[in-house]
Amino acid sequence: MAMTLSEFTCSIDPGSLPRILQIQSGIYVQGSVYEMYGRECCLANGDLIKVIEIRITRFIAEGSNGIKVDLPLDYPGLFRIVSDKQPYRSVREIADSLRISPDRLGQPVFRMASDPKQQQQQQHSDGAVREGVSFRITGRGTDEEGHECVDCEELAQTEPRHCFSLRLSEQGEFYECDDSQFYTLKELAEWKMSNGRTRTVTKAKSTHLKDDVLPDPLEEYKGELTLTPVHEIQAIMKFRKDIVLIPPNLDVEVLDVTEQHDFRFFMQPLSLKDVFLKPVDTFPVVAEVIERPLHVPEELSFLWHSKHIVIHRAVEARRVLVSETCRGEQRRFLVPASYKGRFKRRPREFPTAYDLQMAQSSTEELHVVATRTFESHYSQGPTAAAAVQVGDQFLIRKRATSSSSSEGSENGVDKMADALACMKIEGKKQEATHIPMYLEGNFIEVVHDKRQYTVAEICRCFPLPFNVKVSVRDLSVREDILAGASGLLVEEEIADPYLQVSTLDTPHLCWQVPVNRINSMTVQLQQKWQGLETDGAQLAGQALVEEIGEDCYYTLRRYAVGNLQPPPRPPKKFKQPTTNSLRVKPPRPNKPSRATSPKSPHCSSSKPELLMANDSFSKQKRNTIAVSSERRPSMPLSTLPRTEKVTMATKMDIPQEAVVDAVDDDDPHDYEYIDEEELDFIRRKFHEDAVLRNTVKGKPNTF
């Protein structure tokens, strides 16, 4: 029989999930998907959905005074349950409506009705439900005859307490007992809500803080509240990867067709990344290959041919990032720790002395040779260093346990030294010296070690990056792709997600399948693997050397932790003193005394024009007397224009505060000063020339 989606939600037993429903009347909600909060709002007639979970998302609280508010599950408050006045008619109704578990919150307490006729019917082989005595339901099970029943315990004061069982078929009136405990809304939604019923509670305590942004909607309310749960349906639809969220208030009619369809009809394709994110208890699991990968190595070809695979577990495996050292196009590899090949050391190159310091090891000394000449202009100070010539050999000591390469600290902050302390090798002698950190000497390592190392020993004993070459290839694989490289640079260790996968025929032979590099493969999880249990050592799986592209390489390097300090900044370049800075300036002549300076014969103190403004006269006098030697005019001073009425005034005609020195002794400019006698001669010459220009023919000009 068809029913509404809301009726199905209220009547379904959560223990009977999953259920398959068929849509009888579809619905399409017009509008934005965001208005539905990402929930499914379009269901067509005939669609099949598999309901996997029904959960409470919030409560609608109604008070006796007409108040009606929405309360989320994280509402800050505690509530006390009011016992339900409506009885349960059978034990099965109790078991199907409430969640029963060994947890203390999942053990409801009931009492029987006081009708004697009904009491006589509540007899059982294990005992009887006595009148007026409350009992707690502690769990579900089956009796000796195979009937479903619930385990009960009387809450009497006598010891020992009477324990008995009630079959689910038992009829009667069972009333809920009073509960004095406090519960949050989340606990009520998980343990105390009965299917198809509301719950009446009273607010016991509010934990709402005064400084919260949103006010408490129940701050002023006193009394009982009726909580109506608002559910949300989680379902799976055919060929849908994600779980669909359906609100139960959609006007949709559904029909339960669980018995007519197989659950395998609902395929939920998952990528390897989705499988890796599954909980730990999901594994081991049998998966069906829906979409096969495009390109896989030969060792993983079973992913293409097999229809079903076994995924044993998800792991974060360690890999070593290795690059080929060549001048052309470089190849990149991910090498597992199980690689059985052997490596020999190759000389490393260090562009600067700073790289030498970063390559210092606590296990061995570092012997290098300079391949570039460096001339140092500094012979004193903290950056003092001798010149480095091509072929000079240096020996860098082992790294000390305490930081001895730093000059000290200021205010608790370490300060890196400007020079690297080392030993310069001259024949059989060694001389202590310092190499500046910024020195570009292009050093090359001198290798004295002839041992062969595994990749795990290299990562454990030497600072990375490290130069090696394959000396013994891995004989366990058909083709060792590392053996053909002329040189390899071991860069760093990384952690990468992998799945331990095998076939159904050979579950003991599993391989580590990379999750991030096989993107086109999708599978469908079916059921738990029931094969033989294996320990962790056998589940380690076989790993292969992967060759990765440039995009994958830089993606892995992007998440590398950069804990190295940048190289020190080189000092400013040494500057030789220039010729101009060594030029000695000529001595400045003495400033003539004001008292001994001769007065101009043309100056007269009786003329009113001599009373000029103090600032204007000071500027005119300063500009007239001081002539810069750098911008000296090419024309003689005798040719400068001069008006008749402008005359020079003596210092006696000017107020004392208006007298301004022509030149300040502290003036940094290089001025040349003119003697007063020469100035008087210039004035007389200028006056005579003016008289000749203003003389009328036959008549002398008079003043």
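**Notebook: cavities, core and pocket of a predicted model**

**Entry 1. Cavities.** I searched the whole structure and found 2 cavities of 30 Å³ or more. On a 1 Å grid over the protein atoms alone, a cavity is a set of points where a 1.4 Å probe fits but cannot get out; a pocket is an open set with protein on both sides within 12 Å along at least five of seven lines, and lining residues have an atom within 4 Å of a point. Grid points are joined across faces, edges and corners, and a volume is the space filled by probe spheres set on the points.

I noted the basis of the work: this is a predicted model, in which local features need pLDDT of at least 70 and side-chain atom pairs count only at pLDDT 80 or more, while totals for chains, interfaces and linings use all residues. Residues are numbered from 1 along each chain as its sequence is written, and side-chain values use heavy atoms, with hydrogens and water left out.

**Entry 2. The second largest cavity.** I recorded a volume of about 30 Å³ for the second largest cavity. Its lining consists of L272, L303, I309, I311, L499, V501, V513 and M521. Two or more of the lining residues come from each of β23 and β35; helices (H or I, at least four residues) and strands (E, at least two) are DSSP runs, numbered from the N terminus. By class, I counted 8 nonpolar residues in this lining, no polar and no charged. Here Ala, Val, Leu, Ile, Met, Phe, Trp, Tyr, Cys and Pro count as nonpolar, Asp, Glu, Lys and Arg as charged, and the others, Gly among them, as polar.

**Entry 3. The nonpolar core.** Which residues have the most contacts inside the largest nonpolar core? I found L300, L303, I309, I311, L499, V501 and M521, in a core of 22 residues. At least two core residues come from each of α5 (272–276), β22 (285–291), α6 (302–305), β23 (308–324), β35 (488–503) and β36 (511–514). A nonpolar core is a set of buried Ala, Val, Leu, Ile, Met, Phe, Trp, Tyr and Cys residues joined through side-chain atoms within 4.5 Å. Buried means under 20% relative accessible area, exposed over 50%, and partly exposed in between (1.4 Å probe, protein chains only).

I then followed L303, which touches V289, R292, P293, I309, V501, V513, I518 and M521, leaving out residues up to four places away in sequence. Contact means heavy atoms within 4.5 Å.

**Entry 4. The largest pocket.** The largest pocket has a volume of about 1,100 Å³. I counted 44 lining residues, and I54, R55, I56, P229 and H231 lie nearest the centre. Two or more lining residues come from each of α1, β5, α2 (91–97), α4 (185–192) and β18 (224–237). β5 gives the most, with 7 residues. The lining holds 19 nonpolar, 12 polar and 13 charged residues.

I looked up I54, which lies in strand β5 (residues 48–63). Is I54 buried or exposed? I54 counts as buried because its relative accessible area is 18%. Beyond four places in sequence, I54 is in contact with F8, T9, I12, L17, H231, E232 and I233. The C-alpha atoms of I54 and A235 are 8.9 Å apart, although these residues are 181 apart in sequence.

In α4 the buried residues are L185, L188, A189, W191 and K192. Their cover includes β5, β6 (68–72), β7 (77–81), β16 (182–183), β17 (199–206) and β18.

**Entry 5. Loops.** I found a cis peptide bond between L17 and P18, with omega about 5 degrees; P18 lies in the loop between α1 (5–11) and β2 (19–25). Another cis peptide bond joins F283 and P284, with omega about -5 degrees, and P284 is in the loop between α5 and β22.

K340 is in the loop between β24 (332–336) and β25 (342–345). K340 is exposed, with a relative accessible area of 56%, and touches D474 and S476, not counting residues up to four places away in sequence.

**Entry 6. Confidence.** The mean pLDDT is 75, and 69% of residues reach 70 or more; pLDDT is the predictor's confidence in each residue, from 0 to 100. Over residues 116–126 the pLDDT stays under 50, and the model has 24 contacts beyond four places in sequence for this stretch. I noted a pLDDT below 50 over residues 402–416 as well. Where pLDDT is low, the predicted coordinates should not be read in detail.
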